[in-house]
Every structure is written in structure tokens, then in C-alpha cells.
Amino acid sequence: MLFPHVPGIYTEEQVEAWKKVVDAVHAKGAIIFCQLWHVGRASHQVYQPGGAAPISSTNEPISRRWRILMPDGSYATYPNPQALQTSEIPEVIDQYRQAALNAIQAGFDGIEIHGAHGYLIDQFLKDGINDRTDEYGGSIENHCRFLMQLVREVIVAIGADRVGVRMSPAIDHLDATDSDPLGLGLAVIQGLNKLQIDQGAKLTYLHVTQPRYTAYGQTESGRPGTEDEEAQLLRTWRRSYQGTFICSGGFTRELGIQALAEDGADLVAYGRLFISNPDLVLRFKLNAPLNKYVRKTFYTHDPIVGYTDYPFLSKANKGQATLSRL
């Protein structure tokens with residue numbers, strides 16, 4: 001766990017509670033995927049069973065330039081993690097498999113394996129973190145092994161058509177740097193392409209976050225420096241992946257249109273803008289002004305503030321926005 005009050009899906013009680021959420025989404029005619037997220041070393045003993053050290057691919061902690069939110073609202077440095085033993089990795093993979101089964105039991109239409117943003121899977125993928133000497137370290141193929149084994153097990157459990165994968169090879173969030181982001185992305189894609197062939201079915205999608213996602217704006221060695229370089233990475237990965245390709249990360253309406261027009265993606269995902277604009281699709285259609293999001297209200301357990309209190313377009317605003325397009 002990374003934040004206080006993060007929801008889980010590993011107990012029967014949690015599965016039953018999620019059914020209410022899923023049913024409400026389905027009642028609106030929408031679909032909903034459950035993102036399976038293991039933060040690895042991006043945690044603290046206070047959130048771990050028995051006060052144990054968080055697990056990772058490494059014993060090295062996240063640097064002091066990053067801080068973790070504590071239950072009392074203060075911030076602390078990240079502690080030293082405990083590198084998983086080779087023999088312990090199958091148990092973690094099985095936890096993902098069971099979580100995927102739980103999500104389907106709760107009624108989710110599918111799951112997204114979060115392999116991005118400096119969390120556990122990314123801690124195995126990135127050579128700026130992974131310092132292992134076993135079969136999960138060293139070569140780029142070995143760095144991808146944990147993810148590929150995990151995806152395979154989840155596919156067997158619930159079917160490829162219910163599985164999406166997220167990665168962020170060029171993002172340095174939480175010290176997740178790599179010496180060759182382009183090569184890492186291609187290695188992951190080649191592995192996923194092979195898995196799809198072996199399983200005889202395509203994943204639902206591959207979701208790639210590009211570097212401008214990060215809220216902090218740092219530029220590290222693993223991050224390209226310009227919009228053109230970032231767009232070129234996406235186009236290269238897009239051409240290599242054999243399936244539906246989603247991109248995300250700080251996209252505006254205009255940048256999203258551009259990405260689709262230039263064949264940089266099949267779909268563009270929006271997060272922060274959707275939080276502050278519950279009618280974002282309509283606003284994009286009309287090219288209407290957007291509500292500004294309030295970052296300090298993100299990741300709270302308040303049921304209203306910062307999540308359901310942003311206004312919809314008024315009838316007057318809808319008319320003005322329509323006229324502005326004519």
C-alpha cells in the first residue's frame with residue numbers, strides 16, 4: 001500500500017463491496033476494469049503486515065528526493081525494501097492471479113496489470129533499479145521475465161480478452177530510470193506479442209504512459225527531453241505492438257487529436273481531466289472550457305470532495321460552446 005485507505009480486492013468482503021460499484025457503472029451502460037497495483041518498494045512498514053519491510057526487486061530504497069504520505073498526513077522518506085528471493089516470486093505472481101479472479105467475481109469487465117510508474121513490476125523492468133543477479137536480473141529479457149510470467153498466469157486464469165497491461169518505459173517517477181527506454185519498451189512489446197501468439201488470443205490492450213505524466217517535472221537520464229522525442233517513442237512502440245494501443249500522460253484535447261491523427265495510438269486515456277470534468281467527452285466535443293483540477297484533493301478517501309463536486313456544463317455554457325465552434 002502507498003496511501004492511507006487504498007482499496008483492495010483480496011478478501012471476500014472487498015469483493016462483495018466492489019460489486020456495488022461495478023453494478024452502478026454497468027447500470028449507466030459503461031464498462032469498468034480493475035487496475036491491479038502492487039507498489040513494491042514505494043511503501044512503508046506502517047502499511048505492511050506485521051510492520052515488515054516492503055518488497056522489491058532490490059534492497060535499495062527510493063531516494064530521499066521522494067516522500068511517502070503517512071497515515072497522519074505527514075510525509076516520510078521511503079525505507080529500505082527487502083529484495084524478493086527467487087523462490088518467493090511465484091507467490092507474488094499467484095497473488096496477481098487471485099486478484100484477477102476476484103475482480104471477475106466482483107463483476108469487473110477485465111483487469112489492467114499496472115506495470116508502470118516505478119511500482120513493483122517497473123522495479124523489475126528498469127535497469128536503474130533492478131540489480132539482481134538471478135534469472136530476473138542482468139539481461140533485458142530477464143528484467144521482463146517477472147511481467148511475462150505474471151501476464152501469462154493471469155491470461156490462463158481469466159482469458160486474454162479481459163487483460164490489459166500498462167507500462168511506462170520512459171518515465172523516471174520514483175527513481176524508475178532505464179538506460180534504454182526505447183529498447184525496454186520494445187522488449188516488453190515483443191514479449192507480449194509472443195505471449196499473444198502462444199495463447200492464441202490478443203490482450204485487450206497495451207497502455208503506455210508517456211513522460212509528461214509525472215507531476216514533478218524532473219528530467220532524469222531515463223526520460224526524453226522534448227515532445228517530439230516522446231511522440232517518436234510512442235509511434236515506434238505503437239507500430240511494434242500487435243493489438244490495441246492506448247496512450248496517456250498529460251494529454252490535452254489537441255494533443256489527443258494529434259496522437260490519433262498521426263497514428264500514435266488507437267485510444268487516448270485521460271485521468272486528471274476526467275476527475276475534474278465529469279462531462280469531459282461532451283466538453284471535448286464542443287471544445288468547451290474545462291474545470292481545473294485540485295491536486296491536493298487527489299487520493300483521498302473523502303466520498304465527495306475532489307471527486308463528485310466538480311460542476312457539469314450548464315445549459316448556457318453548452319450553447320456558448322456550440323456557438324464557438326460555428
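This is a predicted model: local features need pLDDT of at least 70, side-chain atom pairs count only at pLDDT 80 or more; totals for chains, interfaces and linings use all residues.
Two strands count as paired if DSSP finds at least two bridges between them.

Strands of a sheet pair through backbone hydrogen bonds, either parallel or antiparallel.

Two of the pairings can be followed residue by residue. Strands β1 and β6 run parallel and are joined by 4 bridges. In this pair, Gln-35 stands opposite Glu-112 in β6. Strand β8 (residues 205–209) pairs with strand β9 (residues 245–248), also in the parallel sense and over 4 bridges. Here Val-208 is placed opposite Cys-247 in β9.

The side chains of β1 alternate along the strand.

**Helices and how they cross**

| Helix pair | Angle | Axis distance |
|---|---|---|
| α1 (12–27) and α2 (89–106) | roughly 45° | within 8 Å |
| α2 and α4 (140–158) | about 35° | 9 Å |
| α4 and α5 | about 35° | 10 Å |

Helices α1 and α2 are therefore oblique to each other. Their crossing is right-handed. On the α1 side, the residues that meet α2 are Glu-12, Val-15, Trp-18, Lys-19 and Val-22, and on the α2 side they are Asn-102, Gln-105 and Ala-106. By class, this contact has 4 nonpolar, 2 polar and 2 charged residues.

The crossing of α2 and α4 is right-handed. From α2 come Ile-89, Val-92, Ile-93, Tyr-96, Arg-97, Ala-100, Leu-101 and Ile-104; they meet Phe-146, Gln-149, Leu-150, Glu-153, Val-154, Ala-157 and Ile-158 of α4. The classes here are 12 nonpolar, 1 polar and 2 charged residues.

Glu-153 lies in helix α4 and counts as partly exposed, at 35% relative accessibility. Leaving aside neighbours within four places in sequence, Glu-153 is in contact with Ile-93 and Arg-97. Glu-153 and Arg-97 are 56 residues apart along the chain, and their C-alpha atoms are separated by 6.2 Å.

Helix α4 also passes α5 in a right-handed crossing. The α4 residues in this contact are Ile-140, Cys-144, Leu-147, Met-148, Val-151, Arg-152, Ile-155 and Val-156. They meet Gly-183, Leu-184, Ala-187, Val-188, Gly-191, Leu-192, Leu-195 and Gln-199 in α5. These residues divide into 12 nonpolar, 3 polar and 1 charged.

Ile-9 is found in the segment before α1. Is Ile-9 buried or exposed? Its relative accessible area is 9%; a residue is buried if this value is under 20%, so Ile-9 is buried. Not counting residues up to four places away in sequence, Ile-9 touches Gln-14, Val-15, Trp-18, Cys-34, Leu-36, Ala-99, Asn-102, Ala-103, Ala-106 and Phe-108. Ile-9 and Trp-237 are 228 residues apart in sequence, and 31 Å apart in space from C-alpha to C-alpha.

**Two loop residues with positive phi**

His-117 has a positive phi of about 60° although it is not a glycine. His-117 is placed in the loop between β6 and α3 (120–125), and with 3% relative accessibility it counts as buried.

Asp-175, likewise a residue other than glycine, has a positive phi near 65°. Asp-175 is in the loop between β7 (163–167) and α5 (181–199). With a relative accessible area of 17%, Asp-175 is buried.

Conventions. Residues are numbered from 1 along each chain as its sequence is written. Side-chain values use heavy atoms; hydrogens and water are left out. Axes are lines fitted to C-alpha atoms, for helices over the stretch in contact, and angles run from 0 to 180 degrees between N-to-C directions. Angles under 35 degrees count as roughly parallel, over 145 as roughly antiparallel, 65 to 115 as roughly perpendicular and the rest as oblique. A crossing is left-handed if the near helix is turned anticlockwise from the far one by less than a right angle, and right-handed if clockwise. Contact means heavy atoms within 4.5 Å. Ala, Val, Leu, Ile, Met, Phe, Trp, Tyr, Cys and Pro count as nonpolar, Asp, Glu, Lys and Arg as charged, and the others, Gly among them, as polar. Buried means under 20% relative accessible area, exposed over 50%, partly exposed in between (1.4 Å probe, protein chains only).
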